[in-house]
Amino acid sequence: AARVENYSDFKGKDFFFHPSTSNYKVSARFEPTRGLALRAATSTGFRAPSLGQSWFSSTATNFVAGVPTDNRTFPVSNPVAVALGAKPLKPETSHNTSVGVAFYPTGGLSITADYYKINIKDRIVLSGTFNQKAVTDFLLAQGFQGIGGARFFTNAIDTRTAGFDLVAGYGFPVLKGGNVRLTAGFNHTKTEVSHVEATPGVLAAFSETLFDRVERVRIEKGQPKDNLNVSGILTKGAWTFNYHAQRFGEVTSFGT
């Protein structure tokens, strides 16, 4: 499959007529014997900046030593963000690869296993919060008053996500006309930041970091790596009984 799209906000350099983006997907499935299937797929992707990422703004008031300080999130086109080195957002691009196997040894048992890898380039994330006195003094000198800290969305990083899914299901009859279906699933996913854009010169001069450790941990450890699901469904006539349990792995968050 192939897809070509034109966006008025973005200009591409690939395919004929220079569209904004061209993407493809190739997939295959092979069944060497009954009850066993092998599958694989590779594709590219594209995601334009959302309205929220382009235009979102907010103000959070924190009290430092009893003094109220406004930390603000600015749209990238805002003069404050531009003064700190913000650039117009670019679309994210991605490449996805997956391989898997499906096994059906009996009529009631099914087992599937899939491995996947996703590379995202120019990922849109929030910058760190720039609140050093040197930064606020710089903004004040530029005519921006009442700003205790500033941040904005930026295409700051590339990421690499890899993981696998295991799912097993088994169904069998019980209680003269009843049926039980048991399902267990496990997912493991790990995301790493593979590249970080250089900090704009005006921020680098103040020893600030465009993508700081707080935001890095949010990407790499802010979501659980492991997820386990177990469920059972019993049906008998007009009655259905359901049991479901789920366990999430650990997450990490830095407050500062």
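**Asn-71.** I looked up the side chain of Asn-71 in this predicted model and found that it reaches the backbone nitrogen of Gly-149 at 3.3 Å. Asn-71 lies in strand E5, which covers residues 67-74, and I noted it as buried because its relative accessibility is 18%, with the limit for buried set at under 20%. Setting aside neighbours within four places in sequence, I listed the contacts of Asn-71, among them Ser-58, Thr-59, Asn-62, Asn-131 and Gly-148.

**Salt bridges.** My count came to ten salt bridges, and I followed some of them individually. Arg-160 and Glu-192 meet through their side chains at 3.2 Å, N to O; this pair links distant parts of the chain, since Arg-160 sits in strand E8 and Glu-192 in strand E9 (residues 178-196), 32 residues apart. Glu-192 also meets Lys-190 in a salt bridge at 3.4 Å, and I therefore recorded Arg-160, Lys-190 and Glu-192 as a linked network. For accessibility I noted that Arg-160 is partly exposed at 36%, Lys-190 partly exposed at 37%, and Glu-192 partly exposed at 29%.

I then turned to Glu-31, which forms a salt bridge with Arg-29, with the closest N and O atoms 3.3 Å apart. Here Glu-31 counts as partly exposed at 39% relative accessibility, whereas Arg-29 counts as exposed at 56%.

**Surface patch.** Lastly I looked for nonpolar surface and found a patch of about 340 Å² made by Val-99, Tyr-115, Phe-164 and Leu-166. Of these I checked Leu-166, which is placed in strand E8 (residues 149-174) and is partly exposed at 41% relative accessibility.

Technical notes:
Residues numbered from 1 in each chain as written. Predicted model: local features only at pLDDT ≥ 70, side-chain atom pairs only at ≥ 80, totals over all residues. Heavy atoms only, no water. Patch = residues over 30% accessible without salt bridge, like charges linked within 9 Å, V, L, I, M, F, W, Y side chains within 5 Å. Areas by Shrake-Rupley, 256 points an atom, 1.4 Å probe, with all protein chains shown as cover. Salt bridge = Lys/Arg side-chain N within 4 Å of Asp/Glu carboxyl O. Helix = DSSP H or I, 4+ residues; strand = E, 2+ residues; numbered from the N terminus. Buried < 20%, exposed > 50% of the residue type's maximum accessible area, 1.4 Å probe, protein only. Polar contact = N/O pair within 3.5 Å; in protein donor to acceptor, adjacent residues only side chain to side chain. Contact = heavy atoms within 4.5 Å.
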